[in-house]
Amino acid sequence: MRQKVIEMIKIIRGGVKYLLEWMTNIFICNLPSNTIRIWWLKILGLNINGRIMIMEGYHIRSPRGITIEDGVSIGPKVLLDGRKGLTIGKSAVIAYEAIIWTLNHDYNDLNFCGKGAPVEIGEYAWICSRSSVLPGIKIGKGAIVASGAIVTKNVPDYAIVAGVPAKIVGQREIKDYQYGYK
């Protein structure tokens, strides 16, 4: 009997978690107030250290696994996946429709099970529009991921990467950058 009660509690918890994430990604994400969007994400366990801007239409998976530092700006329709852990460093910019994955399917597994690893985005990095960062990737400080790039390997500090798969195409000047959402 006790085992059945425990199983029922797990099912209810899973349902509540699903419902809250559904509300977040269908309703809350489209509210015209950054303050309300941030407030709701903090309630769901997203760790926000400072002031950030997160534009309308975002999609967030497992907010408890995400940490966002001060000054970060996240554009509209960005997908952030916190299932395996995601850290976004100070004053990073993630542009329109970018996708950050921490978990995907193992295509060689008989049951197509999930596999993944945490993603880390460095301070002052810029993830441009419609680019994708795959699980386990580290984007270095000040690095730039060009529009449409698919990042399959770590990106060094201040490198500029582009293409599918992303390759280094340039180097950003090393400066004491001061931008960020205030």
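Modeller: Let me start with a term: a polar contact is a pair of N or O atoms within 3.5 Å; within protein, one must be able to donate a hydrogen and the other to accept it, and residues adjacent in sequence count only if both atoms are side-chain atoms. As for ground rules, this is a predicted model, local features need pLDDT of at least 70, side-chain atom pairs count only at pLDDT 80 or more, and totals for chains, interfaces and linings use all residues. Residues are numbered from 1 along each chain as its sequence is written, and side-chain values use heavy atoms, with hydrogens and water left out.

Biologist: What makes the pair Leu-31 and Arg-37 a polar contact?
Modeller: A polar atom of the Arg-37 side chain sits 2.4 Å from the backbone oxygen of Leu-31. The limit is 3.5 Å, so the pair qualifies.

Biologist: Why is Arg-37 called buried?
Modeller: Buried means under 20% relative accessible area, exposed over 50%, and partly exposed in between (1.4 Å probe, protein chains only). Arg-37 has 2%, so it is buried. Arg-37 is found in helix α2; helices (H or I, at least four residues) and strands (E, at least two) are DSSP runs, numbered from the N terminus.

Biologist: What does Arg-37 touch?
Modeller: Contact means heavy atoms within 4.5 Å. Leaving aside neighbours within four places in sequence, the partners of Arg-37 include Cys-29, Met-53, Met-55, Glu-56 and Tyr-58.

Biologist: How do you know that there are zero disulfides?
Modeller: A disulfide is a pair of cysteine sulfur atoms within 2.5 Å, and a search of the whole structure finds zero of them. Cys-29 has a relative accessible area of 2%, so it is buried. Cys-128 has 8%, so it counts as buried too.

Biologist: And Asp-81: buried or exposed?
Modeller: Its relative accessible area is 0%, so Asp-81 is buried. Asp-81 belongs to strand β6 (residues 79-81). A polar atom of the Asp-81 side chain lies 3.1 Å from the backbone nitrogen of Thr-102. Not counting residues up to four places away in sequence, Asp-81 also touches, among others, Arg-61, Ile-66 and Trp-101.

Biologist: Why is Asn-154 called exposed?
Modeller: Asn-154 has a relative accessible area of 52%, and exposed means over 50%, so it passes. Asn-154 is in the loop between β17 (150-151) and β18. Its side chain has a polar atom 2.8 Å from the backbone nitrogen of Lys-138.

Biologist: What makes a set of residues a nonpolar core?
Modeller: A nonpolar core is a set of buried Ala, Val, Leu, Ile, Met, Phe, Trp, Tyr and Cys residues joined through side-chain atoms within 4.5 Å. The largest one here has 40 residues, and those with the most contacts inside it include Leu-80, Ile-127 and Val-151. Helix α2 gives the most to this core, with three residues.

Biologist: Last one: how do you know that the radius of gyration agrees with a compact globule?
Modeller: The radius is taken over C-alpha atoms, and the globule rule is 2.2 Å times the number of residues to the power 0.38. With 182 residues, a compact globule would be near 16 Å; the protein has 17 Å, so the value agrees. The C-alpha atoms fill a box of roughly 65 × 45 × 20 Å along the principal axes, and 39% of the 182 residues count as buried.
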